[in-house]
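Visitor: I would like to learn how to read a few backbone features and a ligand site. Could we go through them one by one?

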Amino acid sequence: MQIGPVSGPPFGPVLGIESSCDETAAAVLDANGRILAEAVLGQESEHAPFGGVVPEIAARAHLAHLPDLVRRVMAQAGLSQAGLGFAELGGVAASGGPGLIGGLIVGSGVAKGIALAQRLPYIAVNHLEAHALTARLPGLVDTQSVPFPYLLLLISGGHCQCVAVEGVGQYRRLGGTLDDAAGEAFDKVAKLMGLPWPGGPALERLAASGDPARYAFPRPLMGRAGCDFSFSGLKTAVAQEVARQPAGALFGTVAADICASFQRAVADVLADRASHAMRMMGARSNLLIVAGGVAANGTIRAALDAAAAKNGYRLVAPPVRLCTDNAVMVAWAGIERLRLGSVNRLDFAPRPRWPLDASDMPVVPTPVTGG
Ligand code: KG4
Ligand code: ZN
């Protein structure tokens, strides 16, 4: 069955699906980017006993919850756009990678099934591209979409990189982590401190009453050319400090001071690396967008804000629900691609690894083939 090339806007609302890690999410946006419905189901309680995301548990949870979640957002979207059913959609977008293969297969399968049954365009969205394009949601930064290019700092549990966002499908990775992602460092240090997973929020709470100057932890790569990151040396330094503490001493002021000193070191490193990235980007942009769960951290936001101001940039931190994994960003990336007529065939194979690299992300109007 040949559905034929996608015509440009106006097209119907787009359903977005996110299932690349441990959030099951669905959203419906109209072709202008207005959010008609959104829902996210976290799986924290299912993974917490294991101290991290267990891929098999994640895949089964996506499978158990995604169909209902899709029905829910479609019903909710139907309230603002009367008569909206699957047949009225303009397309279906799902994270096609990078991420955990089990979840990617579940989300892609649901999206392809709907696209096939309703003869709709299907868009396999690169999850990192979805984070990168979130800032362009109309009304988020400006009333219109922010123009290209701009600088993205993605700091999550799985990713840590600076990207020059030049256009849809056009990304220049300026630097990234050589070892752990920033959120991963928070999670590992929180574990050392005996805090529950995921560690970032708990560590930030404990750090709030601590002295960030008490422990002089290292600031890896700070001041070095480029904007790569490294956190494993910092994590080791914290582990050594923890090991030096007499038995039973790791609580109260000592614990708070260690957390505050670690958090300060991460904030300093991120601000320094982002400053280098802004200099690499130069006057071509004045917008630094931060995305990923770590962007929820107040100390880090403040440090990035100051760094941006020093470089003549403006820091834009989308609301936390749009910084962490969500389906609004997936639907929006789908809309950006649909507008350009760039869709995928239904035999697209989900990609656990899928770097945000222009050569790998062509924007090509593709004839859509159904079953
Ligand atoms: O973007 P996200 O929800 O999921 C992915 O990693 O894809 O990010 C989760 C990460 C976790 O490592 C978590 O510990 C960290 O973001 N995080 C924080 C804070 N809130 C979440 N890190 C530092 N401070 C926070 N307040
Ligand atoms: Zn993500």
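Visitor: Where is proline 198 placed?

Guide: Proline 198 sits in the loop between helix 5 (182-192) and helix 6 (199-207). Bear in mind that this model is predicted.

Visitor: What kind of peptide bond joins tryptophan 197 and proline 198?

Guide: Start with the general idea. Most peptide bonds are trans. The bond between tryptophan 197 and proline 198 is cis, with omega about -5°.

Visitor: Which residue is joined to proline 149 by a cis peptide bond?

Guide: Phenylalanine 148 is. Omega there is about -10°. Proline 149 also lies in a loop, this one between helix 4 (127-133) and strand 7 (150-155).

Visitor: Let us turn to phi. What is the phi of arginine 119?

Guide: Again, the general idea comes first. Most residues other than glycine have a negative phi. Arginine 119 is not a glycine, yet its phi is positive, about 55°. Find arginine 119 in the loop between helix 3 (101-118) and strand 6 (122-126).

Visitor: Is arginine 119 buried or exposed?

Guide: Exposed, because its relative accessibility is 55% and the cut-off for exposed is over 50%.

Visitor: And leucine 221: what is its phi, given that it is not a glycine?

Guide: Positive, about 70°. Leucine 221 belongs to the loop between helix 6 and helix 7 (232-244).

Visitor: Why does leucine 221 count as buried?

Guide: Its relative accessibility is 17%, and buried means under 20%.

Visitor: Now the ligand. How many residues surround ligand 1?

Guide: The count is 16. Gly157, Asp187, Gly200, Glu204 and Gly293 are the closest.

Visitor: How far is a backbone N or O atom of glycine 157 from an oxygen atom of ligand 1?

Guide: The distance is 2.6 Å. Glycine 200 brings a polar backbone atom to 3.0 Å from a ligand 1 oxygen. For glycine 183, the corresponding distance is 3.1 Å.

Visitor: How much of ligand 1 does the protein bury?

Guide: Taken alone, ligand 1 exposes 550 Å², and the protein buries 87% of that.

Visitor: Which elements give two or more residues to the shell around ligand 1?

Guide: Helix 5 and helix 6 do. Helix 6 provides the largest share, four residues.

Visitor: What is the make-up of that shell around ligand 1 by class?

Guide: It has 10 polar, three nonpolar and three charged residues.

Note on methods:
Residues numbered from 1 in each chain as written. Chains lettered and ligands numbered in written order. Predicted model: local features only at pLDDT ≥ 70, side-chain atom pairs only at ≥ 80, totals over all residues. Heavy atoms only, no water. Buried < 20%, exposed > 50% of the residue type's maximum accessible area, 1.4 Å probe, protein only. Near = heavy atom within 4 Å. Polar contact = N/O pair within 3.5 Å; in protein donor to acceptor, adjacent residues only side chain to side chain. Areas by Shrake-Rupley, 256 points an atom, 1.4 Å probe, with all protein chains shown as cover. Nonpolar A, V, L, I, M, F, W, Y, C, P; charged D, E, K, R; others polar.
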